[in-house]
Structures are given as structure tokens and as C-alpha cells.
Amino acid sequence: MIPAKFNYQRAGSTDEALAALAANGDEAKLIAGGHSLIPLLKLRLASPELLIDIGEIGALSYINDGGDHLAIGPATTHLAVAESDLVKAQVPLLAAATAQVGDPQVRNRGTIGGALAHGDPAADHPAVLLALRGTFVVQGPVGEREIAADDFFTGFLETALAPDEMLTEIRVPKVPDARWSFQKFNRRAQDWAIVGVAALINNGQPGIGLVNMGSRPLRAAASEAAAAGGASATDAAAVAADGTTPPKDLNADADYRRHLAQVLVERALTEAGG
Amino acid sequence: MPFVGERIVRKEDPVLMTGRAEFYDDIRPEACMAMAFVRSTYAHAKILSIDTSEAAAMPGVLAVYTIDDFADYGMVPGVPGMDRPMLARDIVRFVGESVAIVVAEDNYLAADAVEAVVVDYEPLEVVNSVADAMADGAPVLHEAIGSNVLLDTPWADDIEAVFSAAPRTASLKLWNNRVHPAPMEPNGVVADWSGQKATLWVSHQAPHHLRNTLATYLGITHSDLRIVMADVGGAFGAKIQWYPENFLAPIISNRLGRPVKYTQTRSECFMLMMSARDQHHEAEIAFDDEGTILGVRSMLYANAGAYPDVPIALGMPTLTNWMTSGCYKIPALATGHKVVATNHAPLSSYRGAGRPEACYLIERLVDLVVSETGLDPVDVRMRNFIPPEDFPYTVPHAEVEYDSGSYAETLNEALRLIDYDNLKAERDRRNNDPSEKLMGIGFSSWVEIASFGPRGALEGFGHIGSYESSQVKVQPDGSVIISTGASPHGQGTVTTLAQIAADELGMHIDQISVKYGDTDSGPQGIGTMGSRIAAIAGSATKEASIQVVDSAKKVAAHLMEANPDDIEVVDGNFSVKGTPARSVSWGEVGWASMSPTQLPDGLSAGSLDQTVFFEPTGFTFPSGTYICVVGIDRTTGEVEVEKFLAVDDCGTVLNPLLAEGQVEGGIIQGIAQALYEEMRYDDNAQPLTASFMDYLAPAASDVPRIDSGRTNTPTPHNTLGAKGIGESGAIGSPPAVVNACVDALRQFGINHIDMPVTPQKVWRVLNNSVGG
Amino acid sequence: MQTEINVTINGQASTDVVEPRLLLVHYLREVKRLTGTHVGCDTSNCGACTVHLDGRAIKSCTMLAVQADGHEVETIESIGTEHDLHAVQEGFRQCHGLQCGYCTPGMIMASVALLKDNPNPTEEQIRMDLEGNLCRCTGYQKIVDSVLWAAENPDGLPAGGAT
């Protein structure tokens, strides 16, 4: 319940945050909404020496029209993303999925950047960004780079972010005319998904992200290939679990998760199939 | 207008709703220290060493204690041989058992110091289940007992003759899953024994019970130990027991000369507050082709955990056995039980306390008869109900006499409210249409034993008596203060007792204030548990009010120079019957009652002050029929409660608004047990569900609305005719849900599915079936 | 490492020196002695700690006091008084939306917030918006009724109203 001691620094800008990260290496962690980090601190599963608060940097909270994409600041709350007219019009899958994260109180504080940088395979946003083929802008001492979602989630709670780097923008392609579906199967409405599916069919190209089907966020690559090749929703869904390593936990064994992945991919492709 | 029977909003609410309540953690005496526990990470291990030196040297740490520091004190009161040390001595027997205590200036420093205590364990073989505990060669957890079977009650008669002769028999292995009361407020205590007298503020259901035992334990008089029952954030039966912190905190306060507080975290609560149910049943039913029940035989195995909570853990299986007959006139029953120790945290009572297990057992057996015969569940029940003319009805296998009931009437009322024929048609249509969700209809016609209890009932559970008390005291302005031994934690007792008194006293409830929970003032009480307060404290209040009015009429008569027998009191005024124009108010009577110059001979000052310790003449037997309709997703196995109808019979209803609240709350807990909740352990008896993330207590988004109805068979055992209703919802609902699930899945070849009925379990049934 | 924070709490400016790890809920309860906000869990599930931050419902157990520097916090103590209940509180009273009262402050703060955004919610919307607030006593039905009552009676009881 009670975190271990740490120091705290409120960063006024991205540069200040990066400088603090550079100075402290992996003894420092960034915090914005804190809804991934503070629960870990309370259970003493994480005990950094310094928290660098980027949640007050107004310049990191935005949803902008970037032409062919939307540019979203990492400290933008889930609430802002879910309620944004721009997101609802241009990337409705993202708005719909964000509206189901946690509960209203969580959505009022938690940020999209925090959720993505945490890299939890059981979280909704990584799967959504995979389906959308989004990219992440990352800044560090050596400058700025843009990383595709497919290259961003590298392991269990591990991303391509180096300890001295910071996620500074999330870019999602505009897909206003794409068909999409978000399927989240859980026991209670506030729960993480037991299995979830984020599906998008844009100009015939399917993107299907899976929630909680492996040790890192995954695509349903076999289903994508089948759907792209003209397979029916049922046939494409039949291979949804190919290449996945679903975990066994209190809510589901691996075989049930594989089954759920098939069911949810079929539902998603049916809804998105038109 | 009468208050009893009306939907009166609660007097308790304004304080609770505006953040001005005083739960124990809100109380902070000057210089209060914080205490925190070092807890075992093993389920069964020898303690080789405990190194407290680093912790003791940390900033703000005032002391670090182990059991050796309490050598002058004994075990937590229990049965010798299986009692529990306040802190583990040499051996730990469940994950979370306290091994050491840190006392510090505040919680944060205490938490840091807890991390710095180093304990060296030598793991021992773990007894992880009732089966493990009874296996040959299992480690014996309490050597003085010599066996892990702590209590063994075999069948008095195995009624084999009944089963051999029966046209049909069927059997079932059931598990009433382990659940946790999980009140929103965990346990905790503030103790101040820095002076001569000791005071504890504690979240508790039985403050006098705690005071009496704790004072003796500490070696002080009852008069020198004051227990103040703080506002209690839910209890459900888990805050009656002896928890070590309540014994340790005053000792520590006394030793260090400052008040001390223990604030339990939620994960500690899941590990340490006593969880419940976890009964395995092997049951058989004998019947004929018409569905007549000829006999029921059951053996029950109850997990008591590492240190049985004596006597509640040992008493509940008895209640389960007593109530195995349910609503049915069963000619022969054989019930037995074994209570077994395991390396789990102790188990104890939780809403229903032994009766949910009985109800689940008999209602699942009745449903088994339905599965076997194809008869309608309504017909099987109607055929076997105890008829109204048989009451009071004594069950054949125990000294248990049901007071009253009209089970067919209750079931018929439920059928009337739900349009059963249409429901059945809908179910058949959906179950034959693969594009539709499966549908099931489940019944639970249940009876339970409440209003604990007649003389001797609670003494069997370690209490001093089975009465409940109420003191009605008129103030000089005619307003009234009631002090009761009841210890409410959400039931609305203040409002209910005020309603009862108001009707007898002929005044408005706004004139009446109800106090409880301070052992220094008011009468000795037994406490709030076992659905007893409306019936017993209510009757005590009624009787005390009647006595007060009797004297008050004498005062009024004296003031009006009239005959007391001619006086009536209505709407705050005393008058001669038939001449309401000439009256004296309660205010005038109240003042006179304290003013000797205005009193008649024979009455002294303060006579409008009566205390009654009411003893009911028997247990009461609330009953009901619940009907649950579930929809099951054929592809995911997810179960949704589409409809839930509850028809309850609790005798006289004192406040329908509050009664509904009790029923709805209990039913949602019962639905949660049936579909969501389970305390789970890994192979090393490590708890896996020690948070609200993993223990699936549902939210508003996850549960249905309950429709309700009522029938009324009053009880003769108290002056209100009230049977009590606090636990009924949690008792009657799980079998209704499971019976509905089985009904939906019968075509897939099953006749049972264990709780909680998770999507995965259902999927396995659907997946394993051939066709369907 | 002590840090000075300036927080406006229930309309009053407040300056305190706190350690960074102090949770906002503990700051409110222990430092400000506003004990109406409760702690019910340690995994951000139960919502008993719900307060308003800059007008939005948040879980104060999942925020550090230092993060509240420069912000406005409203707790249950700012919502009505025993003599002058807020409409939501009156709804909870009229409809028996509380029993033990422990979840109630958080439940009321969440309900006030949900009605601000959606003054005429359906039952389903209320249940979904309260998904982050656990109650063990009521079974939720009368909590839903309470919020519906408040939606229909935004000014509370009519003059000379019910008991």
C-alpha cells in the first residue's frame, strides 16, 4: 500500500525531462497520470529513486491534425482521447477502445503515452496501435526517431524506449472510412481484457491486434493474412491464435484464450467486414 | 400514523453521506503510534530466526516485537491444543500469519521497517486442501489434537435401509466455494492504554463480547476496559472473531505509553480476515419416479484453516447439517461432518454462516431429482414441501423446530409474478435455436434458521447469552434516548428501533435517538449477527417502551387528575380516551418524571427508564422462493443473469425500504459467489486472490436488478412476529443461479456445474459435449 | 526529500510540506484531517477514495500529493452538509443508497461527476459510470435508484418535502 521512498522532480519541458533521465539512468522513471506506475510503487514492485513528472507539461497534451495522421501528445488523458471529435471522426477505433479502459476515474488521469510506454500485453492500447499501424516518436540524447508500432513492443513490459528516452508523440493514420471493431472480453467492466481484439480493415488491408495473447502485444498475423487473401471471417478467425503464446492465469487457461481469440476475431471481422 | 411497516428513510444517513462518520481509521488520538506486521510468506514453515536489528534502528521506529516479547500473555482465546499464538512461535501455519510487529511514528515508516525485518524459514510440507489434510501421512498441524480432523460427527444412523429400498437414488459431489466477506472497510483497531483505563476503537460486530474476553485476557476489570465500536464499514460476520491485533494493540500501547493504531491493508484483509464457506459435500438422495423424496444422506467436509476459529468454525457445519432438510418433508436424513485443519488462513462466518451451504446442498439435490426424472422443478418442490398444517415442524434428524412457513404459497406468488409458462416456452425456443443464447430457469425454495437465538443458542458459540438488550430513557423534554446492545454496521437498526419505540410511545421518530457501541454506557449486548437484531433488539425495544408508557401514563394521569387506565398517548400527547382536547404532552410528562414534586406516590424520579433483555422463545425460519433466469453465450460460455425474482417471507416487515436493501445486497453477494468470486491458492497454499483486481467482487456494471415480492408467515417467538432478513439473500440465491445454469446446459449432458460458474467452465461443458 | 505543495482544497488554499511518496488520499486524511475520503483497497479498483481534481473524479489513492500541487481538489466534505444535503445525497437518503456508508463518499463523488457530464442518464449508463466504485452492502440497485432520483430532482427535496 505504501511506496518506498523516492525523490520527485517536476519537469517543465521535454528537454528538462530528458536531462533528468540522462542524469539518472535507470534510477529514474517518468510519471504522467501515474496509473501504470503508482500501482507498482504501492506494491513495491518498482522502487525508482527519482520520479520525473511530465504530467504538468501542457505541451505534451494535445490531439492535432497532422495531415494524413493524428498527432497525440503522450500526456493526453484517456478521457481527452475518447471524447475528442477529431479522434472519433478520423480514428474511431481508438476512441472506442480508449472509452473502455479501466473506469471513468482511471480515464480522467491515465494517459495514452503512459499506457503505451508501459508495454503491457494485457492493455488495450498496444493492440489498437498495432492494428492501426501507428508510430511512436521518441526523443533522447541522440535526438528524435520514429518507431513503428510493430517494432515498439519488444517484450513483457519492455519497449524500444531506452532508459534515457521519452515517448513524445503518438501518430495514428487517419482512417475515417475504414471499417473497424473493438472486442473486449472481461468478467467485470473495469477489468483488463481476458482476451481483446482491435481490428481495422482499411482499403482491404486488415490490421488485427490482440490483447493478452502473449508475453508482449501481438498481431493476429495469420488472421490478417487470411483476411487479406479473401478468407471469410470464420476462416480467418480460425487461425487467430497461430503464433501466439497465451498466458494461463486466474481467469483463463491457454486453450480457452486461444478459443476466445478465434471467437473475438470472428466477431471483429464480421463487424468490420461490412 | 404508525412508523412500523413504513418505508422510513434512515436517521443514520446524513452523517455517513457527508464524510462525518468515524470509522476507526478516522480516529487519531494525540501521539498515536502506528503498528504494522511482518507476515509469513510461507504456508507451513519452521521459523529459524528473526532478525529485527536493522528495522529497530530505522528512523521513527519505536519498537519491533516478536512473540517472546509477550511471554506474560497467553494464546488468543480458543480451545487449548489448537489455539493461535498472537504472533507465530517457532512455526507458521498459513501465508500471512504474523511473525513480528513494528511500531513506528507513522504508517509509512512502519511499512519501511517491516521490509527490513529478516526472517529465515525452513519450509515444511504444505497441507493445501481438505483432501490433503485427511490423506495418510499428512503432516499434523496441531500435535495436541493428533489429527487434522478437528471435529468428527458421523451419521447417527446411515439410513442405508432407506436407500436400499428406494426405487431411485442419485448422488452429487458439491463444493461450496471459498469466498471472502470483503467488506469495504478492512479490519483495524486503535488502542489507548497509556493511562489507568484502556480504550479500544475497533471495527467490530460484538463490542461487549470483545470487552469481556479482552479484559480478562489483559488482566484488568471489565470496568477498566472500554470498547468503542467505531462506525463499521461492513462486516458480514467476519468481525465477531478474536483477531490477534485486538489483543496486541492494548498491550503495546501500555508498554510504550502511547495510543497505537493498526490500519489493515486490503491485501492483508484478504489474507487475514476470516474467509468462508469452503465445504465439500458428498450427498445422496433417495426418491421415486413421482419425485417424492424418501431420504437424504450427506457428509460434509469443512475447511477450518490453520487455527480454527472456535467456536464459529466448529459450529457452522452443525447449522448446515441441521438445515439440510430445507423446505421439504423428508422422512429420513443422515447428516455428518468433519472439520479439517489446513495451511490456509482461518475460515469463519460470512452472511449465512452454514445455512447457504445447506440450502445449496438441498436445492441442488432437488434439481438432481429434476434431472433424473424430467419432472418440472415446481412440481418436485410442491410435492415435497412441508405443508402449513405441519408447523411447528421438527426435522427428523435434529432438534430443530421450524416455527412457521407457507412454502407453496411463496412459490405460487413467485410463479404469479414471473409468468412461468411463457418463460419455459421461451427457454425451449432459445435452447433449440443455435443462433440464440442458451437460457435456463433456476429455482431455489429455501428456508433458513435465524434470530439467534433462544436461550443457549449463542452460548454454544461462546457468547454470554442469546438475548439482546434495549434501554428506553425519557429525557426531561419528553424526547427519548434508546441504548441498545446491538452493534449495527449498515442494517439501519437506529431507524428500525426508533420506529418500533415511536409506535409504542406515541411520538414521532424524530424525538428518538438511538445509541450503541460503547461498552461504558448502555446495557450489555450480544451483538449484531445471525439476523437477530430486528427480531430480538426490536422486541426488547418494544417491551421496554411498553413498560415506559405504563409508567408514563401514571405520570400523565397524576398531572390530569385522571385514572391511568383511561389514558392513551397519540402523536405526542396523553389524554383521556374520548376527550383529546384535554391533554398533556410528552414534554410535560417527561419533565414531571424527573421532578419529584410532580410525581404520584409510588413513582420516583427516573422511572421512565426501562431496560429489557429480550430472549426469543425459539429460532425463526425465514423462507422464500427465488427464481433466476440466465442467458449463456454459446461461444464464450459467459453467463448473464437476465432476470432475478426474489419472493421472501420474513414474517413482519418493520421497514420495507430497509428490508429490500438487505435482500438486494445479500442476493448480489450470492450471485457473486455463484458466478464470480473464489479465494484461490497455488500448490504451495499461496493466496492468489489477495486483491480486488484478482478477487472478482462485482460492480454495478456487472450485476442485475432484483425484482421482489413478499409473503408473510409471522413467528410466535418474539413480540414483533419478525423473522429477520439480513442473510436470506445470500442464502437463497446461489442455488437459484446454479440451477438455472444447469437447466440451460442440461442438453449437453450435465447435471451439475461447480461455483463459480465461470465462462471457461461453461465452455468446457459446451466444448466437450457431443452435438448440442 | 520534502516538497512544498500548494493545493486548493474545498475552495481553500493550502500550503504543506510533504514527502513525494505521500499518496493524495493520505495527504487528505492524515495531513488535512479530511477523513470523509476512505481507503478500501490497494490496487486502484474500489473507488472509495474518489475525489474531484479540477472538477473531474479521480482515485486519490493513485495520485501523489505532490502531483496535486497547483490544482484544485474537492472532497465529500464540500458536498452538502447534514442540514443542507446536496441533491445526490438527498437521493441516496430517499432511495436507501447506503448501508454501512464506507463506499458512500466515493460513490457520491463519482455520482456527482457523472451527473455533471450526463444530467439525464439511463440506468445502464449509471451502472457503467460507477464501474470503478465497489459496494458490498447494497447490491447497487438502490444506488442506481438514488442517482436516478437526483437526476429527476436536481434541486433536492421540494420545499416541505418528504420525511
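**Reading cores, domains and chain contacts**

Author: Let's start in the middle of things. The largest nonpolar core has 403 residues, and the members that touch the most other members are A:L93, A:V265, B:M35, B:V102 and B:V737. Helix α15 (residues 533-560) of chain B brings the largest share of this core, 13 residues. One thing to keep in mind: this is a predicted model.

Reader: OK, which residues does A:L93 touch?

Author: Leaving out residues up to four places away in sequence, A:L93 touches A:V128, A:A131, A:L132, A:W180, A:F182, A:A198 and A:L200. Chain A is split into domain 1 (7-53), domain 2 (58-173) and domain 3 (179-269).

Reader: How do I read the contact between domain 2 and domain 3 of chain A?

Author: Take the distance, then the residues on each side, then the elements they sit in. The C-alpha centres of domain 2 of chain A and domain 3 of chain A are 20 Å apart. Domain 2 of chain A puts 22 residues in contact with 21 residues of domain 3 of chain A. On the domain 2 side, two or more residues come from each of α5 (92-98), α8 (124-132) and β8 (153-155) of chain A.

Reader: Which element gives the most to that side of domain 2 of chain A?

Author: That's α8(A), with seven residues. Sorted by class, this side of domain 2 of chain A, where it touches domain 3 of chain A, has 14 nonpolar, five polar and three charged residues.

Reader: Back to α15 of chain B. At roughly how many degrees do the axes of α15(B) and α16(B) cross?

Author: For a pair of helices, look at how close the axes come and at the angle. The axes of α15(B) and helix α16 (residues 586-593) of chain B come within 9 Å and cross at roughly 100 degrees. Angles from 65 to 115 degrees count as roughly perpendicular, so α15(B) is roughly perpendicular to α16(B).

Reader: And which residues meet there?

Author: From α15(B) you have B:A552, B:V555, B:A556 and B:L559, and they meet B:E588, B:V589, B:A592 and B:S593 in α16(B). By class, this contact of α15(B) with α16(B) has six nonpolar residues, one polar and one charged.

Reader: Can we do chain C too? Into which domains is it divided?

Author: Chain C has domain 1 (3-78) and domain 2 (87-152), and their C-alpha centres lie 21 Å apart. The contact takes 15 residues from domain 1 of chain C and 11 residues from domain 2 of chain C. On the domain 1 side, β3 (50-53) and β4 (56-59) of chain C each supply at least two residues, and β3(C) gives the most, with three residues. That side of domain 1 of chain C divides into six nonpolar, eight polar and one charged.

Methods:
Residues numbered from 1 in each chain as written. Chains lettered and ligands numbered in written order. Predicted model: local features only at pLDDT ≥ 70, side-chain atom pairs only at ≥ 80, totals over all residues. Domains from an automatic or database assignment. Contact = placed C-beta atoms within 7 Å. Helix = DSSP H or I, 4+ residues; strand = E, 2+ residues; numbered from the N terminus. Nonpolar A, V, L, I, M, F, W, Y, C, P; charged D, E, K, R; others polar. Core = buried A, V, L, I, M, F, W, Y, C linked by C-beta atoms within 7 Å. Buried ≥ 20, exposed ≤ 12 C-beta atoms within 10 Å, placed from the backbone. Axes fitted to C-alpha atoms, helices over the stretch in contact; angles between N-to-C directions. Parallel < 35°, antiparallel > 145°, perpendicular 65-115°, else oblique.
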